[in-house]
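Have the viewer open and follow along.

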2 protein chains.
Amino acid sequence: MTHFADRLFAAVQAKGNPLCVGFDPRWESLPAEIRRRHGSASLDAAADAYEEFCLRVLELVAPLVPVIKPQSAFFEACGPRGLAVLQRLLRTAREHGLLTILDSKRGDIASTATAYAEAALGGVRLGEARLPVWDADALTVNPYLGRDAIEPFLACARQCGGGVFVLVRTSNPGAGLFQDLKVAQDAGEPRPLYLRVAEAVRAWSRENLGACGYGDVGAVVGATYPAELAQLRDLLPEVPFLVPGFGVQGGTADDVAPAFRNGQGAVVNSSRGILFPFKPEESDWEARIKAATRATIAALDRNSA
Amino acid sequence: MTHFADRLFAAVQAKGNPLCVGFDPRWESLPAEIRRRHGSASLDAAADAYEEFCLRVLELVAPLVPVIKPQSAFFEACGPRGLAVLQRLLRTAREHGLLTILDSKRGDIASTATAYAEAALGGVRLGEARLPVWDADALTVNPYLGRDAIEPFLACARQCGGGVFVLVRTSNPGAGLFQDLKVAQDAGEPRPLYLRVAEAVRAWSRENLGACGYGDVGAVVGATYPAELAQLRDLLPEVPFLVPGFGVQGGTADDVAPAFRNGQGAVVNSSRGILFPFKPEESDWEARIKAATRATIAALDRNSA
């Protein structure tokens with residue numbers, strides 16, 4: 001069983017870039033031809049349209065990038081059939097040799113967290129069997145519930161060589177409301193909450209380092225906060241970073257450069273910038289997706305390698 | 001359109017008790033007869049077993065309690081068919097006149113939070129139509145991502161008379177790792193993070209009060225922390241409380257008493273204590289569920305009314 005960080009960075013090396021494609025399908029942005037083919041009469045029809053679109057995008061980007069990150073919310077928004085599409089997307093990505101990060105930002109008390117973790121990573125125990133559900137390589141989790149809410153995810157990840165990305169500094173404009181609150185220290189000046197979360201992530205990640213020197217617990221740090229990104233990279237030298245907020249959310253290639261140490265240590269996610277670089281009525285959407293992927297890879301290459 | 005808090009407390013009044021039944025189905029705890037009938041060969045079979053069990057429990061408790069709270073994790077653990085069971089459980093509960101709280105603890109950047117919110121509450125926009133997905137009366141959300149991650153949930157709830165319960169002080173033993181961190185104040189002693197979250201919840205809740213005097217933004221406060229519960233009730237007089245951690249997790253009827261003002265203002269959740277007061281081989285499990293529900297109601301009545 002190969003360690004998650006070794007798998008992640010081997011995939012980055014093999015493809016020669018750290019781009020993670022975020023699958024955030026949105027009905028109103030889909031190519032008009034796909035919308036027309038399926039219609040909007042029901043959630044099932046929308047799920048079928050998502051499936052056609054996502055699997056086509058996957059074929060386009062699979063030769064180019066190492067990892068994808070489906071956003072659970074958009075598949076859940078199509079109900080049960082949307083979740084079947086999520087399952088098929090994840091399975092097909094694995095068949096293409098891609099790594100998969102399920103972006104679900106889960107967090108709950110231990111017994112519930114175990115259910116989330118098994119479904120996302122190792123598989124659910126049913127009698128004597130262990131059955132895969134979403135079967136991703138890693139997932140995102142929310143730290144607010146504390147230690148015993150994170151531990152089931154770590155345990156599950158370590159049984160199957162998976163990874164866990166903990167939200168540390170999120171990419172949204174209002175992230176600071178709680179994440180920037182200054183926490184009093186026993187000694188010294190108060191420091192923001194996200195640094196306390198970061199320290200917990202560092203300790204968890206150090207429990208299980210891969211041959212590459214990185215741990216199996218990563219940090220989500222938004223590209224929209226480059227100063228915090230640089231600070232966190234210094235504080236967390238062994239922690240893999242998942243950097244959202246690149247592209248449409250405002251993060252630039254310069255902004256994400258501090259996430260890397262010697263060109264390694266992070267994957268940078270782009271969702272809308274890769275999935276939707278076209279207007280719905282434009283018929284050359286596939287060429288545009290491919291071009292946007294190549295342009296994003298080139299932009300990252302200038303700055304991070 | 002009746003305000004969420006008015007609907008919630010009217011339902012509590014009508015049933016004469018504040019008990020919320022948590023639907024956390026677990027394969028290994030199901031009645032053996034149900035497990036045998038469906039088998040454990042696949043996730044679909046497990047989902048079918050969950051459906052039979054949950055709908056039967058719903059029939060038993062519907063005449064007795066005002067509200068149910070399905071835990072999304074356990075349905076997700078059965079894959080797409082598990083989500084179809086969740087959908088049917090929520091719909092059937094509404095047909096029985098019960099209120100429903102989807103316990104999914106979601107939280108994400110604004111555009112993603114909107115997808116979660118529409119799916120949980122008001123319905124997803126598809127072309128001109130708005131189609132219901134989970135269609136609950138309220139959901140639980142995680143505050144770590146901050147203001148703009150919460151606002152889509154509030155907007156969506158207010159369009160459809162729904163409610164939002166924000167995690168403030170969770171019931172798990174490790175909750176304090178971040179929630180208890182002391183936040184420096186401009187003036188005065190540092191105070192724990194959960195009080196800062198509580199103040200944000202108070203402000204959000206006051207934006208839209210119902211005729212009953214309570215807002216549509218509630219707080220999740222664990223029964224396992226009675227001192228914090230009393231402190232938060234004083235701080236948040238207009239905020240409806242959802243109190244988990246009662247029963248199997250350790251909270252007693254005495255512990256939850258501080259959640260109430262004049263016998264109102266909170267619903268108390270019990271999951272395993274209601275769903276599984278029997279051993280799998282015991283054939284009188286339905287009688288036991290009914291007895292456990294009645295006993296829990298009686299215990300709450302002595303202390304909260």
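## A loop residue in chain A

Let's begin with Asp135(A), which sits in the loop between β5 (129–131) and β6 (138–141) of chain A. Helices (H or I, at least four residues) and strands (E, at least two) are DSSP runs, numbered from the N terminus. Asp135(A) isn't a glycine, yet its phi is positive, about 60°. For background, most residues other than glycine have a negative phi. With 23% relative accessibility, Asp135(A) counts as partly exposed; buried means under 20% relative accessible area, exposed over 50%, and partly exposed in between (1.4 Å probe, protein chains only).

Keep in mind that this is a predicted model, where local features need pLDDT of at least 70, side-chain atom pairs count only at pLDDT 80 or more, and totals for chains, interfaces and linings use all residues. Residues are numbered from 1 along each chain as its sequence is written, chains are lettered from A and ligands numbered from 1 in the order in which they are written, and side-chain values use heavy atoms, leaving out hydrogens and water.

## A loop residue in chain B

Over in chain B, Asn262(B) lies in the loop between α11 (253–256) and β12 (266–270). Its phi is positive too, near 55°. Asn262(B) counts as exposed because its relative accessibility is 84%.

## Two packed helices

Back in chain A, helix α9 (residues 193–206) packs on helix α10 (residues 226–235) at an angle of about 35°, with the axes 10 Å apart. Axes here are lines fitted to C-alpha atoms, for helices over the stretch in contact, and angles run from 0 to 180 degrees between N-to-C directions.

From α9(A), the contact (heavy atoms within 4.5 Å) takes in Tyr194(A), Leu195(A), Ala198(A), Glu199(A) and Arg202(A), while α10(A) brings Glu228(A), Gln231(A), Leu232(A) and Leu235(A).

## How the chains relate

Chain A can be laid on chain B with an RMSD of 0.0 Å, using a turn of 180° and a shift of 0.0 Å along the axis. That's the relation of a two-fold axis. The superposition is by least squares on the C-alpha atoms of residues with pLDDT of at least 70 in both copies. In chain A, Val183(A) has the C-alpha nearest the axis, 2.1 Å from it.

As for the interface, 100% of chain A's interface residues are also interface residues in chain B, so the copies meet through the same surface.
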